[in-house]
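Hello,

Here is the structure I promised to hand over. Please open it first, then read my notes below.

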Amino acid sequence: MGMIVSDVKNIYLVEHADQTDMLKAFLNGFDITYAEKKRLNNTNIYAFLLKPETYITEAFGIDREIILAYSEYDTLQPRSLQAVDMLFDVFPFKNRVDSLNCFFISKDRAVLQNAGVTSFADDRSRSIVPFVYDDLIVNGNDSWYIRNVLRANFYDVDLFGYTLPLRDEASFFGRQQVVSRYIDAIKRGENRGVFGIRKAGKTSLLFKIDRIVREQKLGFVLFYDCKSPSYRSLHWNELLGEICNNIAKRLHIYIKKEYDIKNIIKSFRYVVHEAAKRNLKVVIMFDEIEYISFKSRMNTHWHSEFVDFWQTIWSVQSIHRNLVFILAGVNPTVTEIDTIDGIQNPLFSIVQSEYLQGLSEEDSRVMIRTLGRRMGIKFEHDAISVLYKQYNGHPMLLRLACSYINRQYDNQNRPITISKEAVLKIQEEIDVELAYYFKHVVSEIQQFYPEEYEMLELLASGQTSDFMELSVLAEYTKHLYSYGLIAKNEFGMPYVKMPVAGRYVALELAKREKRGSLYKTIDKDKRQNWVQQRVRSIIRDLRQLETAIHGAGKNKLFGENSFPEAEKFAAVQPVSTEAQFENFINTCNKCFVEAIDNYGKSIGKDRYFWTDIKPTYSTLFDVLHRIRVYRHSSDHLKLKPDVAQKYKEYWEEDTQGITEESEKYFVTQQKLLESFLTAIQVEMAAF
């Protein structure tokens, strides 16, 4: 709530008490700092200065005091508008106020026709925001009235729609524990690395650390965006020379700009030593570190010069503990590899790294509500939950999604409330709008770490069992888990944790392979071989699982003799008709589901499938239950309501995006076999 300064309140408004109610509405966003009656252009005009509160500055870009003029006449006269223009050239308004905008109050509703840019002279124009006197009186207690008028006349700033690294404190949310760890490390002279997918907030975090280093007078920070051609194109000694020169400037000392290898090492040692004598920390931040490493694809001289560069920095740091560096990039491979072409990696074991994942749900909630409140948007609790799950707390994607939502209500008065249903209704539109940014988020994984990207493609396109099989090689997946892009559910089943990124990756793969669905359907000429391989793998792994179960003394699946009629399952063929699909389901049901039921009955447990198998092997149970539901559908003319509903859910899920009827049967078969093998692998991993 704004205030009226004492001179205006105790002197001016005592003489002009009739204007008090007129000014009341402006206190919702402004301080009233000056008031005076003026005689200009042969007319009386009442002039005020309004100082915007912080949230008005953020929302509308008004960062200086603004003129508010009031004409007391019942009819609006052109000379009154001309008098307003003259205010900008007289004391105390000249050179003090926003020169492009002003507010104007009239008792004549015709003033509304003057909204927008009005030319006062050939050489200048100003934007008038008109107010009707009676409307101000009526809306004096409405805290949003002034802001809604401004929104109708100004370009209001979209606080969500900001994609650059955050340099100001007001826009930085969460990460407080991470920041504290890095500040403590700087104080102790320890190196750190922060890694993660693009736009996760790494650079914003570095800027935050820089602000704190300056505030606490710990030393000074040098920031290098290694992606910039001005740095990555340099040879190692030239880049080190640039660093030396910048340190010297901060210390106000002179060094010769001799960047040859012999002299640059001496210069670097000298400037760091000078900082140490002044008890100053030298914190060097290298953002996008891959671009000046052995992973670089654009400037390959770094493949060999990486070692020289870091050996030099490391050797100086071993003497002067006031030198600290922080690396930022996609993942810490540059610090994890112990040797490079047979030479010891100087970064190996001297950098403690961590991954910057999305914001927590609580921090996401605070960010969305804080920014939304400044813009007159209230997001309901469930609406934020939907957005959080969709983007896994990725700060930029969350903000851009909220920005899109904000733009859908451009013509509505604020405040407005956004419900869960409102978000879900336009979720697909949001994802289309953000498609470019999804590419941006995963682009550097694809560029620098193609094996990891291919693993993400496998999981995103439904090739889960292949993903599981290759996951045995941990280096293919450990970074994906660390990014927060993928995770395991409570049953150990891997899934893409950021659904929109998964859909984007799957869609790009589908485009590349010229297919219509996101799910990767096996080509028709390869189906025979694929089905036979999957069936053999299921039989092999299922028997290994049974052996593990027997050894652990856990609930048996089929008793002592494994599942029956294995030869029928081994003879399964690709399906393309409803009859073939029913035959396939009946075979699966007889071999696996009925076999469990029969074993349960043999030990006196009629509901063994539900009471023992479900809680013990929950991932496998989900697949077997799906088989049971499909079999009931094909074998019973009328299903119980709950079974009918479950069948509808399963069929719609399995055939989503498939238009050709015959393809629906094979895709469902493929998904069942894929899920079956994956579930067995997940259950095996629990032993």
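**Notes on the predicted model**

Start with the nonpolar cores. The largest holds 101 residues, and I243, F268, F286 and F309 touch the most other members of this core. Keep in mind that the model is predicted.

Take I243 as a way in. Which residues does I243 contact, leaving aside its neighbours within four places in sequence? They are L222, Y224, F268, I284, F286 and F309.

Another core lies apart from the largest one. This other core has 48 residues, including V531, F584, F592 and A679.

Next, the cysteines. How many disulfides does a search of the whole structure find? The count is 0. C588 is an example of a cysteine in no disulfide. Its nearest cysteine sulfur belongs to C591 and is 7.1 Å away.

Are C588 and C102 buried or exposed? C588 has a relative accessible area of 2%, so C588 is buried. C102 is at 0% relative accessibility and therefore counts as buried too. The cut-off for buried is under 20%.

Last, look at H632. H632 sits in helix α28, which covers residues 618-635. Its relative accessible area is 24%, so H632 is partly exposed. That class lies between the buried limit of 20% and the exposed limit of 50%.

How far apart are the C-alpha atoms of H632 and I319? The separation is 75 Å. Along the chain, H632 and I319 are 313 residues apart.

Best wishes

How values were computed
Residues numbered from 1 in each chain as written. Predicted model: local features only at pLDDT ≥ 70, side-chain atom pairs only at ≥ 80, totals over all residues. Heavy atoms only, no water. Core = buried A, V, L, I, M, F, W, Y, C linked by side-chain atoms within 4.5 Å. Buried < 20%, exposed > 50% of the residue type's maximum accessible area, 1.4 Å probe, protein only. Contact = heavy atoms within 4.5 Å. Disulfide = S-S within 2.5 Å. Helix = DSSP H or I, 4+ residues; strand = E, 2+ residues; numbered from the N terminus.
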